Amino acid sequence: MINLYPEIRRRAERLKPQRCVVSYATDEALLKALTIVKKKGLVTEPIFIGPRKLPGMHDFRQSTSMYASAQMAHECCIRQEADLIIQGHEKRQQFIASHLEGGFLDQKSVYLAAFYDHNRKQTFFAIDPLVAVTPTLENRIKQLETVTPFLKHIFRRKIYAAALAPIETVNPKLPATVTAAILAQMSVRHQFGKFLQVTGPLDIDCALSKVAAQRKGVESKKSGNFDLYILPDTNSSYFFSTFLKYIGKVPTIGVLLAADRHLLLNSAPLTISERVAEITLGLVAYNFSRK
Amino acid sequence: MISSLSEIEELAKAADPVTTAIIAPEDHEFMLAVKDARQRSFIEPVLIGRRTVIEKAADKANYDLDTTRIIEVTDRQKIANTAMEMLSSGEVEMVSKGQISTSYVYRAIIARMKARQEEAVISVQTFWDIKGCDHLVLLTDTGTNISPDENEKRAILNNALQVMPLLGYTCPKVMELVSDSANLKDKYKHFKLAKTPVIKDSKGTYQRLEAQVLKKVLLGEDSNSVNLNSLPHIMLMPDLNTGNMIAKLDFFIKDIVRVSCCYTSMGPVIVPSRSDLAEAIMREIIFGVALVAQRRRLNND
């Protein structure tokens, strides 16, 4: 089904079929991906909302505006016609805005980006390139409370996270170093439970390379092998994802985890295989939150 | 236009050795790089720092210091200050950071610039040589300004525009990075965008890219395939968190080779990371030597 993201694939193996609604569906690649996911028995017949019906859209509802499409998708979930909302081809701003205005995103909402590391043949995650622009410590704690149980579900083991900052020592002039140190200490005291260990502050070279960490005198057994990168803010996180995806050619997908329901954003361009993986990630997240 | 680090190396090879003040080369990897750079006639080093520690590092690197000048200074800040004074006076043409915290070096540069009554906004320029891209890409600021305001960003851009012509980029394409999500928040008034674009009027010194979202620049019209050649020559980073993190993504992306420097009116100050190994430090030295060679050529012209 998907060669990438083996951890996600494993978690999807025993899922019961879910119902999806695609908002502003004009994207043929998404249609192909949904056909594959449906054949695998992960979804039932999707609901498509959009300006025009394309071949293969059996349950189609018309809406000419992007904003109205997003709202209709919402209503499908409220009426329990669908479990998971998938962003179609509308602008991401409009899609998220409709959810913000609908009150479906709160402080615990977090966009969890997943990357496939070809070298390690393993998935790693990062937060948060989209939701909290300049996260406070409180935001970060709430986001970790959302993300940790889900990642534990994915990996079925303890999660190792790197709290990133521009330098590896605490400097009050650099708030990211302070936040990272606090999160690390909180994890030492098991304030996120026993399944999350945060190391920080770490600058990116120390986080990505054991040799670099040793050169800087940083003791970090997990350097080069973290499961989760906690980036300081939206800018750094967004560009971390963007550069990895477009320049590093690292397969990148994601899901917006929210208290009420999860959203799958259209992080195009994705290959069909990546799109399948992204839908699967959303289904795993939905199934986990329902439990 | 110099499009790769291999072309940079050719420039450096053709140059006479560059007298270089090395700040605290008190580490085996730095000493290996200095030794190699001297043996290959790229530099004539002046080592500044604690003599006994320098000698120990040299011994480990099998580097005979008999004909190398050492200036004994023990205080970390004074080590950096001494190097910058030598650069300012013209006694050396380049400075390289050794195994010392970068903050000492930045403080020394700022102090010297103030003494010379120059604008004291310093910034770090990181160059990427990306496989599949037909030009070098400069990312800045990747090292000093935590959250630059408009004036600081203009100064950062001006610093970048000082160094680019040395590499043959007379009218580089410039892009101020703004994240897609920042636009989103601004548009829907959930978050007021604090930083406004600083690139307004180039006066012919650079080309401004209209698109601010990197994805749009890379994907172009067809929206499906990435064209690395469409990357701008200069990318202005929104803040230090981003600049620092992106600059060092070469630790993950093997198609990128990185060099960094802090270019000043006095000459280049190269700032290898304390995590860099000898090979990477050597690359930075070669880069600095090439910049000095180009300065010499322009001065002679």
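Helices (H or I, at least four residues) and strands (E, at least two) are taken as DSSP runs and numbered from the N terminus. The model is predicted: local features need pLDDT of at least 70, side-chain atom pairs count only at pLDDT 80 or more, and totals for chains, interfaces and linings use all residues. Residues are numbered from 1 along each chain as its sequence is written, chains are lettered from A and ligands numbered from 1 in the order in which they are written, and side-chain values use heavy atoms, with hydrogens and water left out.

Backbone geometry in chain A is considered first. A:Arg156 lies in the loop between α5 and β7 (159-164) of chain A. Its phi is near 60°, a positive value in a residue other than glycine. A:Arg156 is exposed, because its relative accessible area is 52%; buried means under 20% relative accessible area, exposed over 50%, and partly exposed in between (1.4 Å probe, protein chains only). A:Gln80 also has a phi near 60°, again positive in a residue other than glycine. A:Gln80 sits in the loop between α3 (66-78) and β4 (84-87) of chain A. With a relative accessible area of 60%, A:Gln80 is exposed.

Two cis peptide bonds follow. One runs from A:Ile127 to A:Asp128, with omega near -10°. A:Asp128 belongs to the loop between β6 (122-127) and α5 (137-155) of chain A. The other runs from A:Gly200 to A:Pro201, with omega near 0°. A:Pro201 is part of strand β8 (residues 196-202) of chain A.

Chain A divides into domain 1 (1-105 + 258-291) and domain 2 (113-250); the bounds come from an automatic or database domain assignment. The centres of domain 1 and domain 2 of chain A, taken over C-alpha atoms, are separated by 27 Å. Domain 1 of chain A gives 18 residues to the contact and domain 2 of chain A gives 16 residues, where contact means heavy atoms within 4.5 Å.

On a 1 Å grid over the protein atoms alone, a cavity is a set of points where a 1.4 Å probe fits but cannot get out; a pocket is an open set with protein on both sides within 12 Å along at least five of seven lines; lining residues have an atom within 4 Å of a point. Grid points are joined across faces, edges and corners, and a volume is the space filled by probe spheres set on the points. The count comes to 1 cavity of 30 Å³ or more. The largest cavity holds about 220 Å³. Its lining has 17 residues, and A:Arg92, A:Tyr238, A:Ser241, A:Thr242 and A:Ser267 lie nearest its centre. The elements giving two or more residues to this lining are β5 (110-117), α9 (234-246) and β10 (252-257) of chain A. The largest share, 5 residues, comes from α9(A). The lining of the largest cavity divides into 8 nonpolar, 5 polar and 4 charged residues. Here Ala, Val, Leu, Ile, Met, Phe, Trp, Tyr, Cys and Pro count as nonpolar, Asp, Glu, Lys and Arg as charged, and the others, Gly among them, as polar. Domain 1 and domain 2 of chain A both give residues to the lining of the largest cavity, so the cavity lies between them.

The largest pocket has a volume of about 990 Å³. Of its 39 lining residues, B:Thr102, B:Ser103, B:Tyr106, B:Gly143 and B:Thr144 are the closest to its centre. Two or more residues each come from α5 (102-115), α9 (240-247) and β10 (256-264) of chain B. The most, 5 residues, come from α5(B). The lining of the largest pocket comprises 14 nonpolar, 14 polar and 11 charged residues.

Chain B has 10 helices and 11 strands. Of its 301 residues, 58% are buried. Among contacts in chain B with a separation of 6 or more, 73% join residues 24 or more positions apart. B:Met266 occupies the loop between β10 and β11 (267-270) of chain B. B:Met266 counts as buried because its relative accessibility is 7%. Beyond neighbours within four places in sequence, its contacts are B:Met84, B:Leu87, B:Ser88, B:Arg112, B:Met113, B:Arg116 and B:Arg295.

The whole structure contains 0 disulfides over all chains, a disulfide being a pair of cysteine sulfur atoms within 2.5 Å. B:Cys261 is in no disulfide; the nearest cysteine sulfur, that of B:Cys262, is 7.1 Å away. B:Cys261 is buried, at a relative accessible area of 0%. A:Cys206 is buried, at 0% relative accessibility.
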